[in-house]
Amino acid sequence: MGNTSWTSVSHFVLLGISTHPEEQIPLFLLFLLMYTINISGNFALIILIISTPHLHTPMYLFLSNLALADICFTSTTVPKMLQNIFSPTKAISYMGCLAQTYCFICFAAMENFLLAVMAYDRYIAICHPLRYPMILTGRLCAQMVAVCHVLSHLHALLHTFLMGQLAFCADNRIPHFFCDLYPLMKVSCSSTYLNTLMIQTEGVIVIIGALAFIIASYACVISAVLRIPSANGKWRSFSTCGSHLSVVALFYGTLTWTYFRPLSSYSVIKGRIVTVMYTVVTPMLNPFIYSLRNGDIKGGFRKRMR
């Protein structure tokens, strides 16, 4: 026990959302339906953006990357959860658990950074419309997406490395449907002080930093829109931001509720429900939110259907 990387468990048991046998089939069908909608909706959005020339703009480049991140984000957790519903052991290997943790954190951070980049895109488009093509060049957009990828992997690497240093003794049952940070820390038999400290410092900086950037961007956007004399012009400007703000509210509302609290006050039951919101429900809704409130997407879709 002196070596903090020592563990006596070769696998964990993911207890899932519910342990009641009569709820397993309804849960399986519900999550299978949501996962299918998520994959097909986001994949259709990516194909539409790639195949429609007038959608080859910075905003839709970022949106296609967000859709890809949503597919990967949900695919990290849901397929294993669906498999475990009918599995007698509900087991995941130790290394598989760490890999799932890494991928989950990585794609959550990716969505976080991409939402910030998309807010910057809206700021330039509304506050500096004449300079938009000169500022957001293809090269700069590619660099911003690349930075989002690098920062996401570094963020995930830090927290997964710290998780790998924890000791896990007799109890290997995780009352969750995937290897999330707080449920894993709850079953650890070594000190989780450093892990909690990094979640509430570095994690807060990553999440709140991006959120503060989004808020500052939209404060400038609102200020610019209010100076537009016509009501029609104001509505047109605000309508281009509505879908993005809806996704921001869903994502950050559930994420901050889950992680920005002390480990001692974390409730596994409530945590499972809120986690489903930002890991399954929000990625499923994103393509519909962006499509239903976006004339370019709807126009491109109608052309493809014809």
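Which residue forms a disulfide with C169, and how far apart are their sulfur atoms? The partner is C189, and the two sulfur atoms sit 1.8 Å apart. For orientation, this is a predicted model in which local features need pLDDT of at least 70 and side-chain atom pairs count only at pLDDT 80 or more, while totals for chains, interfaces and linings use all residues. Residues are numbered from 1 along each chain as its sequence is written, and side-chain values use heavy atoms, with hydrogens and water left out.

The link of C169 and C189 is right-handed, with 70° about the S-S bond. C169 lies in the loop between α6 and β3 and C189 in the loop between α7 and α8 (193–226), so this pair ties together parts that are 20 residues apart in sequence. Helices here are DSSP runs of H or I with at least four residues and strands are E runs of at least two, numbered from the N terminus. Neither end is hidden away: C169 is partly exposed at 22% relative accessible area, and C189 is partly exposed at 34%. On this scale buried means under 20% relative accessible area, exposed means over 50%, and partly exposed is in between (1.4 Å probe, protein chains only).

In total the structure holds two disulfides, a disulfide being a pair of cysteine sulfur atoms within 2.5 Å. The other joins C97 to C179, S to S 2.0 Å. Its torsion about the S-S bond is about -125°, so the C97 and C179 link is left-handed. C97 belongs to helix α4 (residues 94–127) and C179 to the loop between β3 (173–174) and α7 (181–187), so parts 82 residues apart in sequence are tied together. Both C97 and C179 are buried. Counting bonded cysteines along the chain, the pattern is 1-3, 2-4.

C103 is in no disulfide, and the nearest cysteine sulfur, that of C106, is 7.0 Å away. C103 counts as partly exposed, at 30% relative accessibility. C220 is in no disulfide either; the nearest cysteine sulfur to C220 belongs to C127, 5.7 Å away. C220 is partly exposed, with a relative accessible area of 38%.

On the strand side, three strands form an open sheet in the order β2-β1-β3, with mixed pairing. The edge strands are β2 (91–93) and β3, each pairing on one side only. Two strands pair if DSSP finds at least two bridges between them. Strand β1 (residues 11–14) and β3 pair in the parallel sense over two bridges, and R173 in β3 is the bridge partner of V13.

Now the helices. Helix α1 (residues 24–51) has 28 residues and reaches 40 Å from its first C-alpha to its last, close to the expected 40 Å; the expected span is 1.5 Å times one less than the number of residues. Buried residues of α1 include L27, F31, M34, Y35, N38 and L45. An α-helix has 3.6 residues a turn, so residues three or four places apart point the same way.

L151 is partly exposed at 38% relative accessibility. Its C-alpha is 8.0 Å from that of A109, although L151 and A109 are 42 residues apart in sequence.
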